[in-house]
Amino acid sequence: METKLSFRELTDKMMGLYNEGRYADAFQIVEQNADRFPDQAARITLWKMCMLSLCGRVDEVISVFQQGLDSGLWWAESQFRDTDLDAVRDLPEFKRLISISLEKYEQARRHMQPDRAILLPDERQARLPLLIALHGGGGNKESNLEYWKVACQHGWLVLSPQSTQPFYLNAYCWDDPEQGVQDILFHLKEVLRTFPVDVERMVIAGISQGSGMAIYAALSGKIPVRGFMCVATWWFDVKSLAVQAALQKGMRGYFVTGEKDHTLERAREIQDMLRANVIQVGEEVYPDLGHDFPPDFETSFDKAIDFIFKEAG
């Protein structure tokens, strides 16, 4: 019996074929598995459009796009900037469908409500340390909780706030960092009212764009954390972080880095900027790790917390 792929496995297999230039094969494997992941319909539909475009099957791109819209899907304007869609970008029908998508997007954004996930610690204490865990770009409040739950095993309360900035259905980003700070603050205030949080032991963390947002929020001074933890770090505007870093002293940050991560150069740029502004930086490097969590993330979490709360000396 053929083993069914998980969505993560499907993503990895599709990206492997994509990186090899096997776009028709990438489309085929996505098409074969699409119905198994209805909650990922918007992401999968966009993948299919990109693969078909790269194959020069422009009529099918339009057809898939129209079917997606008819089923209630929509996408932010930024999602159509992908060069994979260059084959259809200037087609009048494609532009018309984009306009429909943007109307749906704006309607959805106007009705966007704050949302979050909470993970309770395995053992309750009188006062709970708090980990604020941020999803990456294209993620949501449920993303990567299987990794962040290691904090619960060490007595931490975990807050996973969902951004109010949508990419498409069930996928959100932190493109506007000031809005991101406000989103995080909203949920933090709610958590502080609900749980006995130890405000001296709060840390913010994230993966990919979420790690950049974690740095921005920590350095803003508006989120009262002791430090930040970053996995597979990426941020679109290092200068915006530098402005914050120049005003914030005594902060510590810990990075989990893979040498095969396509965002490694940007992570190094961010680290250099932080050190230049006297922000103490710790790091662990994995030679074979890409843009992902390491296999033993529990150890990474322990090291990060030890570093962040290490007494100066």
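Me: Which residues do ring pairs link into a cluster?
Reply: That would be Phe-65, Trp-75, Phe-80 and Phe-94. Bear in mind that this is a predicted model: local features need pLDDT of at least 70, side-chain atom pairs count only at pLDDT 80 or more, and totals for chains, interfaces and linings use all residues. Residues are numbered from 1 along each chain as its sequence is written, and side-chain values use heavy atoms, leaving out hydrogens and water.

Me: Why is the Phe-65 and Trp-75 pair called edge-to-face?
Reply: A search of the whole structure gives 22 aromatic pairs. In this one the centres are 5.7 Å apart and the planes make 80°.

Me: How do you know whether Phe-65 and Trp-75 are buried or exposed?
Reply: Phe-65 has 0% relative accessibility, and Trp-75 has 0% too. Buried means under 20% relative accessible area, exposed over 50%, partly exposed in between (1.4 Å probe, protein chains only), so Phe-65 is buried and so is Trp-75.

Me: What makes Arg-201 count as sitting over the ring of Phe-309?
Reply: Its charged end is 4.5 Å from the ring centre. The rule wants NZ of Lys or CZ of Arg within 6 Å of the centre and within 35 degrees of the ring normal, so Arg-201 qualifies. Arg-252 also lies over a ring face, that of Phe-307, at 4.8 Å from the centre.

Note on methods: Phe/Tyr/Trp six-rings, centres within 6.5 Å; stacked < 30°, edge-to-face > 60°.
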